Number of protein chains: 2
Amino acid sequence: MPVLQNDRFLRALLRQEIDYTPVWIMRQAGRYLPEYRALRKKTPDFLTFCKTPELACEATLQPLQRYPLDAAIVFSDILTIPDAMGLGLYFTEGEGPRFKNPIRSISDIAKLHIPDPMDDLGYVCQTITMVRQHLQGKVPLIGFAGSPWTLATYMIEGGSSKQFENIKGMMYREPNSLHQLLTLLTESVTIYLNAQIASGAQAVMLFDTWGGVLTTDDYRDFSLNYMEQIINDLTWEHEGRRVPVILFTKGSGLWLEMIAETGCDGIGVDWTIPLSQARERVGHKAALQGNLDPCVLLGSKQRIYEEVQSVLNSYGPGSGHIFNLGHGILPSVPPENVAYLIEVVHELSQVYHRA
Amino acid sequence: MPVLQNDRFLRALLRQEIDYTPVWIMRQAGRYLPEYRALRKKTPDFLTFCKTPELACEATLQPLQRYPLDAAIVFSDILTIPDAMGLGLYFTEGEGPRFKNPIRSISDIAKLHIPDPMDDLGYVCQTITMVRQHLQGKVPLIGFAGSPWTLATYMIEGGSSKQFENIKGMMYREPNSLHQLLTLLTESVTIYLNAQIASGAQAVMLFDTWGGVLTTDDYRDFSLNYMEQIINDLTWEHEGRRVPVILFTKGSGLWLEMIAETGCDGIGVDWTIPLSQARERVGHKAALQGNLDPCVLLGSKQRIYEEVQSVLNSYGPGSGHIFNLGHGILPSVPPENVAYLIEVVHELSQVYHRA
């Protein structure tokens, strides 16, 4: 593999010195880009798009061709694992992901198998290897998976949810069944992420989109503990370099100390908490990734400038910050605002990295 | 008006001594009750139901007839104010509230007027007076309103939202227009709540359902500051008794200190933060209301017992806690579980109130 030319993202995650703050954007390959919308038309079905390495590879690379981003992230979906387990993933216009065969009982759980990452999920690994070849060491490539809890919410609710009453009903009525499912998912995610690393992912991220709907105790027992197990069992080093792991639970501002104890290298932080407070509470245990409100990119350039300044200033001097949004970029964002955001992050952050 | 027989709810809000922890339930008059579903059939349209004092009064009283609750809350909707402003509120099956004429521009805002509470919103005041007559001093009656920020989200998004990109777009592009709308709503809510108090509401609650989607700074500037203005201008005393005010922002665990500074008497707390932590951070500044996860009521009696014990124990000894769910009760909850919850709260809490 070619030598990595821009390792600021990896260095920031390990809190090593850098010259400016690296930036990438959750869902940076996505609907706000006209070239993505054009590419997406090549196949009507979103899942087929994800499962075609040539298309997923091109989607991954599109934002990198347009912007000086400091990392790439493989184009895929968090629900590939439950799909490979046979739940029948499909996507509906406007309503998001759905499963034909959601989990309804303990007997449904007993029937599930751990997907083989190179066979059932081989298309993701192939995409990763293909992207690495095309990137030619320009920036590092991030692999990812959904957290066991978040995957379980979709598998049991059958899709997106507001109240999560099916999975929480199971949690409060038969917690052991839920733990059984989460254990299976933990093993599946671990194997899957290690296969992504073996295929060329240089960092990995766990997306725990729905951990924030739990009580503090339930978050620890039903989401965080399983993510900690995954982190412990991930490949530590590949291609002679540490493979850092980022843990992102949306709405986890109250739990940052607990999250930092898992041994993750970076913590994703949404916009509800100032980075100054997050940094003070996490200390030297982990880097922080975030935390601009995605809606700021709907504002004027002046406002984007001010808000970038505010996020950088809130984190303060020194390494350990990866600039990002607090959640995925919105499809309605003008692409030129993203160019401006990246320019401003690179420019304004330099002063925070001078010795 | 008859003498109040059970004032535990009001005393707990003012942190005065009581013999057990009072309990009421957000949306206690609602779809989980078969008698409510039967009553609801008397008129097909939900808004007409709310606007008919006889029906709204009966709905308010139904849970009181079934359970030994320690407070009643007037049956109404937070969107009565924007409806009275002419936005054309209607309700769709499954999708919740919608507006025929959402706010799209500054010129839409300029056209709005402050509703007359005794005329445009007279049906709510009439319901309150009617409920008070029927309650005969059994328990206190709570009045309520949506917070200015939360009302504005529905008015600008046209209904429920996931990303709030219309209102946040306005917030980041033309903050002054949004402040103009919020100022108008602040005045409207103040007048409305004072009319509810004059009509017989013995405590009032501000529902800030969507304040939690903001950054810390934006929450302070666009939601909390306006609620503080309302609290300052509310009728302090009525019928010779303090009229306490509860402020509830869902997802506000990070901001409790700031909320306590508003001068509210009670703070609604969702289930994501343990009450022990909330109490430590709020200190003697306010009572706490909450914070059982509504999904616990889908669990077994054993589990309900344990979770009630856990919430009571987390708050600890002394007055200042009103037991409630962290959000509204779910329609799928078995009514007998609510009876059990109330019984257990009353029984297990006594030990925390012995001198």
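In the predicted model, the secondary structure of chain A amounts to 15 helices and eleven strands. The radius of gyration of chain A is 19 Å, close to the 20 Å that the globule rule gives for 355 residues, and chain A is therefore as compact as a globular protein of that length. The C-alpha trace of chain A extends over about 60 × 45 × 40 Å along its principal axes. Of the 355 residues in chain A, 54% are buried, and among the contacts in this chain with a separation of 6 or more, 72% are accounted for by residues 24 or more positions apart.

One helix pair was examined in further detail. Two packed helices are described by the angle between their axes and by the distance between the axes. Helix H5 of chain A, which covers residues 80-87, packs against helix H8 of chain A, which covers residues 148-157, at an angle of about 45° and with the two axes 10 Å apart. The crossing of H5(A) and H8(A) is right-handed.

On the side of H5(A), the residues that take part in the contact are Ile81(A), Pro82(A) and Leu87(A), and these meet Leu151(A), Tyr154(A) and Met155(A) in H8(A).

Terms used:
Residues are numbered from 1 along each chain as its sequence is written. Chains are lettered from A and ligands numbered from 1 in the order in which they are written. This is a predicted model: local features need pLDDT of at least 70, side-chain atom pairs count only at pLDDT 80 or more; totals for chains, interfaces and linings use all residues. Axes are lines fitted to C-alpha atoms, for helices over the stretch in contact, and angles run from 0 to 180 degrees between N-to-C directions. Helices (H or I, at least four residues) and strands (E, at least two) are DSSP runs, numbered from the N terminus. A crossing is left-handed if the near helix is turned anticlockwise from the far one by less than a right angle, and right-handed if clockwise. Two residues are in contact if their C-beta atoms, placed from the backbone, lie within 7 Å. The radius of gyration is taken over C-alpha atoms; the globule rule is 2.2 Å times the number of residues to the power 0.38. A residue is buried if 20 or more other C-beta atoms lie within 10 Å of its own, exposed if 12 or fewer, and partly exposed in between; C-beta atoms are placed from the backbone.
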